[in-house]
Amino acid sequence: DGDRLAEELRRMDGASYGRYKSLTGDWAFPDFTLTVERVQSDPFAPPSRVAVRIPAEVAGLPDHAWHHPVRRRATADHLVRRAHRELKGARLRIDAGGQEVIARASGQIRDGAVELRLGIELPGHGRRIDARTAERELCDRLPALVDALRWPHLDTAAATAFADSVEDTAALRDLLPGLGLVAFVADGAVLPRRSGVSDLPMEGAAVPFTAPESMRVTVDLPHAGRVSGLGIPEGITLIVGGGFHGKSTLLHALERGVYDHVPGDGRELVATRADAVKIRAEEGRRVERTDVSAFVRNLPTGADTADFSTDNASGSTSQAANIAEALEAGARTLLVDEDTTATNLMIRDARMQRLVHGDREPLTPFVDLVRPLHREHGVSTVLVMGGSGDYFDVADHVVMLDGYRPYDVTERAKELAAERADAAFTSPAARVVDPRSVDATARGRARVKRRDMDVLTFGEDDIDVRGLTQLVDPGQVIGVGLALRLLAEDGLLDGERTLAQALDALEERLAADGVTALGRGYAGDYALPRRHEVAGALNRLRSLRVVR
Ligand code: ADP
Ligand code: MG
C-alpha cells in the first residue's frame, strides 16, 4: 500500500535517477490505486505519468453527478479543475483546460469511479533520486488530493451547479434543429473577452447581449428554466455594422458555441450547432485533390479545378478548398468573417464585372453560391460583412450591431437589395484517402507533438493548424494527432471508405469508448477534438494522398 511505496522510495534515496523506473506498476493506497505508467529517464525529460483510480465507494458521487453522460463529462471536468487548484505549487500536474468544457484524458468517470491522469516531475538532486520530495508528493499530497475530491469534501453545490450549467448548454444545442435555428445567444450573455490573449470574460465595461425583439426566441432549459435570446435561423444571416461595433466578437462567440463553457464565462448560454465550421482564407496551405470547381474555373494554368491540388494555395483557392472540405466532412453551418476572407472570393461588384468579365475571371463569388448552398444543400451561412452591401440581395436576415447591441434591419436592407442571379452549386466529390499516406508509423516515426496551438507534428510532418480556429485547447491539438493515428492504423481509413465515412467511424468509436480510445500508449495529456478539426488537419497534412 502507500506505506510500501514510502518504504520503497526511502530505499532509493540518493540512488541513481534511473532507479525510479522500478516504481512502474500499481500501488494500492487505502482510498485509491496509483499506477505509475511511465517514468522519465532523467530529471530534464518530459514529466513521468501516473494514473489514479478512486473507486465509487470512496469517490461517493451521487447518481445525479454522473448517471447522465453530459453530467458525467461535466463532473469529471469539475473534478479536474478542482484538482488543478489543489496542486498549485506541486510537482504533480493535471491538465484542466480553459473556458471550454471538453472531454479530456486527465479526468474520466467510469462506473462511478474517478480516474485521473497526471504528470509528475520526479525530483532529483542532480542525477540522484530525491526520495524525500518524491515521498511528499506521492504519499502525502496525492492522498490529500484524493480526499479533497471526495464528494462530501468537495464543494458539492459548485459541482452540481457546474453540471447543471453544462447540461443546460447541451440541452440548448440539442433544441436548435427543432427550432430551425443554427445558433442561440441568450439575453445577458457576455461575449467580449478580456484581451486578445485572454479568453476570460471582459470585466466591467462589457455590454451584455440583448436580442432584437423580432428575432427573440424563448427556450425552456432543464435548470435555467425559461431563457430568451437571439435565435439565428437556418438560411443566410448577415451581420453588419460599423467597425468596432462588435461584429467579430459575436461571430467568435458563435464559433466557440459548438463547445460548452464553464459557469461564469458569459457564454454559457451561447450555443451553435455542432456542424458549424468557421471558414477563412489560408494562403499557403496545401490542397490535395479537392473539388473547388463551384468557386474556381478556367484557371490561367489550365488546372482541373474539380480535382485541384497545390502546395501553396492562394487566398481565394484556399478559402474555396476550406469550404469544399468542410462540406465534405459534414459541415452544415458556415461561419464567415470579412476580416479573414479573400475579398475576391466573397464579392464582385458591378463595375468590376464590367471591367473583368467572362473567362477572364475564374472565381464565382460566394455571394452567388450562398443561396443554392442553403436551398439545395441545406447549408446555412452566418456572415459578418460590414464593407459591402452585396449580401443584402441574398440574406434572409440582416442583424446590425450598433454599440454592441444587435438590431434587426432585414426590412431596411431588403429595400436596398437588388435582383441577383445565383450560380449553380454542385457538391464536391467525396474523396477516398490512401491510408498509407497518413500512417506515420509505417512511414517512419509515430510521434505526435505540438508547438503551442500552431503546429501539430505528426510523424515526420509538421501540420500548420493555425487556420483551424475552432481548435481551442492545446489538448485538442494532440487529440487531433492521435485521431489521425487511429484513422490510419486501425483501418478506419481503408482505401475504400470515403473520408466522411471514416470520420463517422471515428466518431462512433469515440462515442462508445470515450476520449481515451485515442490514447493507447500515448504518455501525455490530450482532449477530444471535433471531426471537423480532425478532417482539417488531415487536409493540411503534406503527405496526404487521395486515391479518388
Ligand atoms: P468589429 O468586428 O465590428 O470591428 P469587434 O468585434 O472586433 O468589432 O469589437 C471591437 C472591440 O469592441 C473589441 O475590443 C471587443 O472586445 C469590444 N467589444 C465587443 N463586444 C463588446 C461588448 N458587448 N461590450 C463591450 N465591448 C465589446
Ligand atoms: Mg471585425
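Which atom of F244 lies 2.7 Å from an oxygen atom of ligand 1? I found that it is a backbone N or O atom.

**Conventions.** I worked on a predicted model, in which local features need pLDDT of at least 70, side-chain atom pairs count only at pLDDT 80 or more, and totals for chains, interfaces and linings use all residues. Residues are numbered from 1 along each chain as its sequence is written, chains are lettered from A and ligands numbered from 1 in written order, and side-chain values use heavy atoms, without hydrogens and water.

**Ligand 1.** I listed 14 residues around ligand 1, of which V207, F244, K247, S248 and T249 come nearest; a residue counts as near if one of its heavy atoms lies within 4 Å. A polar contact here is a pair of N or O atoms within 3.5 Å. On its own, ligand 1 has 560 Å² of accessible area, and the protein covers 79% of this (Shrake-Rupley method, 1.4 Å probe). I sorted the shell by class into seven nonpolar, six polar and one charged residues.

**Magnesium ion.** I then turned to ligand 2, a magnesium ion coordinated by S248 (OG) and D339 (OD) at 2.1 to 2.3 Å. Donors are N, O and S atoms within 2.8 Å of the metal (3.2 Å for Na, K and Ca); water is not among the atoms, so the site may look incomplete. S248 lies in helix 7 (residues 247-256) and D339 in the loop between strand 21 (333-337) and helix 9 (343-346), so the pair ties together parts 91 residues apart in sequence. Helices (H or I, at least four residues) and strands (E, at least two) are DSSP runs. I recorded S248 as buried, at 19% relative accessible area, and D339 as exposed, at 55%. Buried means under 20%, exposed over 50% and partly exposed in between (1.4 Å probe, protein chains only).

**Nonpolar core.** In the largest nonpolar core, I counted 48 residues, and L5, L9, Y20, L34, V52 and L118 touch the most other members. Such a core joins buried Ala, Val, Leu, Ile, Met, Phe, Trp, Tyr and Cys residues through side-chain atoms within 4.5 Å. Elements giving two or more residues include helix 1 (2-12), strand 7 (113-120) and helix 5 (131-149). Helix 5 supplies the largest share, eight residues.

**D408.** Finally, I located D408 in strand 24 (residues 405-408), where D408 is partly exposed at 30%.

Note on methods
Polar contact = N/O pair within 3.5 Å; in protein donor to acceptor, adjacent residues only side chain to side chain. Nonpolar A, V, L, I, M, F, W, Y, C, P; charged D, E, K, R; others polar.
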